[in-house]
Amino acid sequence: MSSADTADQAPAFDNPLTPFGVGDLGREGLVGTLVGQLGPRLADHRGRIDLPVFAVLFDHVGGFPFFLAQEDGASTLQSRLSMSLLADVAVTERLTGRAEVRTDDGTYGVSTVDLRTAAGRLCVTGTARSVRVGRGGEDTDMDSLAAPSAAGEGCLPEPIDPELSGRDIVDAIAAGALDPGPIVRLLDGRIEEGRFVVRTAPWMGNHFGTMHGGLIATIVAQGISLAAQAHTAPGVDYRVADLSVGFYRSPAVDGGEVIVEVEPVKVGRRIGSFDAGLRTRDGLLLSKAVADGIFR
């Protein structure tokens, strides 16, 4: 899968929320809600919805109650997300995210975040830590998010041969012999020398003009997902179950590339633990994460 190939396939959007079907914002006091409509566009190389897909909804709903609590209109950013995926979710599921500010000392805030299916089943839970920042940005009308559009474009990949090992699968994706999945094409991503590389685009930006924190988390988590796949035996399934990601710098969204490097900490029969870092081409550290994958 070459960079040129993925550039031709990557659809164009105006913002990071539309491709992930995020909208219908609601709020009451320190509680906020958002809806996320999944679809085939967000499936991975297995035709599955894995933890990376939830990060944009989780980040956005997790941050805006704290933002609205700043009566002087100060800008805020996320500094860390901690997410746990509790159950598999259907490709076309409609999710509701709910976040509540639990602590706010005037500078930092922590919100709890739950994502539930249309039937009310809790599928993702965790926390978002926010911080007031001194730099300004364009005014953001948090009540202006429209109803989400279905993330329906994209075709699900063909089933993967169960006789292939995880390393065979990842190598085939890197060589362009196996479909990387719609989510990787959406991100304009590829595997290069064992690393997950993404070309940035303007639609990935937040109101500061740099990459939305949810997209940073999605990119890092997708790199971890591919690393977890590489450690599976033939016929063994996996999912990314837990992710804690810290945001240090937000990259420009001007067509440059960001690179995810993943190191296995310990990989066992049931759980694999991984460290990951997101950097620019010239080595500037943007984000670090720790994650667990579970094998089934």
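User: What makes the largest cavity, with a volume of about 40 Å³, a cavity rather than a pocket?
Analyst: In this predicted model, the space has a volume of about 40 Å³. On a 1 Å grid over the protein atoms alone, a cavity is a set of points where a 1.4 Å probe fits but cannot get out, whereas a pocket is an open set with protein on both sides within 12 Å along at least five of seven lines. The volume is the space filled by probe spheres set on the points, which are joined across faces, edges and corners. The count comes to one cavity of 30 Å³ or more. Residues are numbered from 1 along each chain as its sequence is written; local features need pLDDT of at least 70, side-chain atom pairs count only at pLDDT 80 or more, and totals for chains, interfaces and linings use all residues. Side-chain values use heavy atoms, with hydrogens and water left out.

User: How do you know which residues line the largest cavity, and how do they divide?
Analyst: Lining residues have an atom within 4 Å of a point; F20, V22, G36, Q37, L38, L42, V53, F54, L57 and L95 line the largest cavity. They divide into eight nonpolar, two polar and no charged. Ala, Val, Leu, Ile, Met, Phe, Trp, Tyr, Cys and Pro count as nonpolar, Asp, Glu, Lys and Arg as charged, and the others, Gly among them, as polar.

User: Why is the set that includes F20, F54 and I219 called a nonpolar core?
Analyst: The name applies because such a core is a set of buried Ala, Val, Leu, Ile, Met, Phe, Trp, Tyr and Cys residues joined through side-chain atoms within 4.5 Å. Buried means under 20% relative accessible area (1.4 Å probe, protein chains only). The largest such core has 70 residues, and F20, F54, I219, I224 and L243 have the most contacts inside it. Its largest share, 10 residues, comes from helix α5 (residues 213-229), a helix being a DSSP run of H or I with at least four residues, numbered from the N terminus.

User: Why are β10 and β11 said to pair?
Analyst: Two strands pair if DSSP finds at least two bridges between them; strands are DSSP runs of E with at least two residues. Nine bridges join β10 (residues 257-267) to β11 (residues 271-280), and the two run antiparallel. One of the bridges links K266 to S273 in β11, and β10 and β11 form a hairpin with three residues between them.

How values were computed. Buried means under 20% relative accessible area, exposed over 50%, partly exposed in between (1.4 Å probe, protein chains only).
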